[in-house]
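Biologist: Shall we walk through this model together? I'd like to ask my questions one by one.

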Amino acid sequence: MTNPVNHCVLCNSTDIHTIDNISVDRLNKVYLKEYDIDITDDIKTDMTLEHCKDCDLRFFNPLFTGSQSFYEQLQKFDWYYKSEKFEYTHVNQFQEVRAAESLLEIGCGKGVFSDYLTANYTGLEFSETAVAEAAALGRRVYNKSIEEYSNNTSSSYDVVCSFQVLEHTENPRSFIQGCIDCLKPNGTLIITTPAEDSWIGYKQDFSLNMPPHHVTRWTDKCYTDLGKLFPVELLSLEHTPLEPFHIPWYINSWLVHAMNERLGIKHSVVSSKRHRVQHIISDTITWMLKANLPVVYRGLGDTVIAKYRKL
Ligand SMILES: [Zn+2]
């Protein structure tokens, strides 16, 4: 979606307000430095980060999503499609998943989650490379959007799940509705996204949490209130534990945020020169603290897992 919108892309409310301005030049510098990826083909103008006062969604405006070329460049990093995710083992312990006869996963990559399941598995995926790899492994994965798939496949699945995909889509409303349409009555919907109510909500220059990668940000309130917009009942809402390798980012983000609060400096998702001085200070403190960190720190991890029943 390359034109700005004047309403919330989840609940359609017009009670939205700008909480940040993002320069495409500055964001491109971050992507080039971290991943050697030029995003100026995908993002043509500066953006704002909007907050919906009704449903609490944050979204970038306009919603510039990533092209096939952008994702192909990211897939060159072997960590991009991990074969193991905390969500896979965790969600597979849900009683609803263990009892399911049929399961649909949206944005499934190569369909790795099917290896964890006894249910009859179907996946949807945009990456043609990933679909071909899934087919070679004998996994049923289609190159379709959930909106297209749900047109011909209503009320068919016991479980519909999507791990770290919703935040990439420019139309979360039709995405969630499509997921619900594919569920049998009383079926289970499982959605995970990065948790805006965690350290990543404060992390600056976190390119992969910005366009053209992520275009929306989800707080716990977005999930607890989802039943007001769709025919679903929330069964559980959890945060993953803080990963040990994320602890330095956690401390760093928290320190910069605390300094901003004390000094009255406005937080922004992309850092300014003033923020970069703070980062030097917080990097130094983090470096010193790392010497004495407990091996495993439990706290709010970077992923939220929401489970619903279709009404
Ligand atoms: Zn809204």
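Modeller: In helix 5, which covers residues 128–136, the buried residues are A130, V131 and A134. Here a residue is buried if 20 or more other C-beta atoms lie within 10 Å of its own, exposed if 12 or fewer, and partly exposed in between, with C-beta atoms placed from the backbone. Helices (H or I, at least four residues) and strands (E, at least two) are DSSP runs numbered from the N terminus. Please keep in mind that this is a predicted model: local features need pLDDT of at least 70, side-chain atom pairs count only at pLDDT 80 or more, and totals for chains, interfaces and linings use all residues. Residues are numbered from 1 along each chain as its sequence is written.

Biologist: Within what arc do the buried residues of helix 5 fall, seen down its axis?

Modeller: The arc is that of the directions from the helix axis to the C-beta atoms. The buried residues of helix 5 line one face of the helix, because they fall within an arc of 100 degrees.

Biologist: And which exposed residues does the face turned away from the buried side carry?

Modeller: That face of helix 5 is turned away from the buried side. Its exposed residues are E128 and A136.

Biologist: Which strands do the buried residues of helix 5 pack against?

Modeller: Contact here means that the C-beta atoms of two residues, placed from the backbone, lie within 7 Å. By that rule, the buried residues of helix 5 pack against strand 5 (120–124) and strand 6 (141–142).

Biologist: Which residue with a positive phi follows helix 5?

Modeller: The phi in question is near 80 degrees. The residue that follows helix 5 is G138.

**Backbone details**

Biologist: Is D205, with its positive phi, buried or exposed?

Modeller: Most residues other than glycine have a negative phi. The phi of D205 is near 55 degrees, and D205 is found in the loop between strand 8 and strand 9. Because 20 other C-beta atoms lie within 10 Å, D205 is buried.

Biologist: How many C-beta neighbours does N12 have inside 10 Å?

Modeller: N12 lies in the segment before strand 1 (16–22), and its phi is near 70 degrees. N12 counts as partly exposed because its C-beta neighbours number 13.

**Sheet, core and overall fold**

Biologist: What is the order of the open sheet of four strands?

Modeller: Two strands pair if DSSP finds at least two bridges between them. Strand 3 and strand 9 run antiparallel and are joined by two bridges. The pairing in the sheet is antiparallel, and the order is 1-2-3-9.

Biologist: Which are the edge strands?

Modeller: Each edge strand pairs on one side only. They are strand 1 and strand 9.

Biologist: Which residues touch the most other members of the largest nonpolar core?

Modeller: A nonpolar core is a set of buried Ala, Val, Leu, Ile, Met, Phe, Trp, Tyr and Cys residues joined through C-beta atoms within 7 Å. Of the 73 residues in the largest one, those touching the most other members are C8, L57, V159, V160, C179 and L189.

Biologist: How many helices and strands are there in the chain?

Modeller: Buried residues make up 41% of the 311 residues in the chain. The chain has ten helices and eleven strands.
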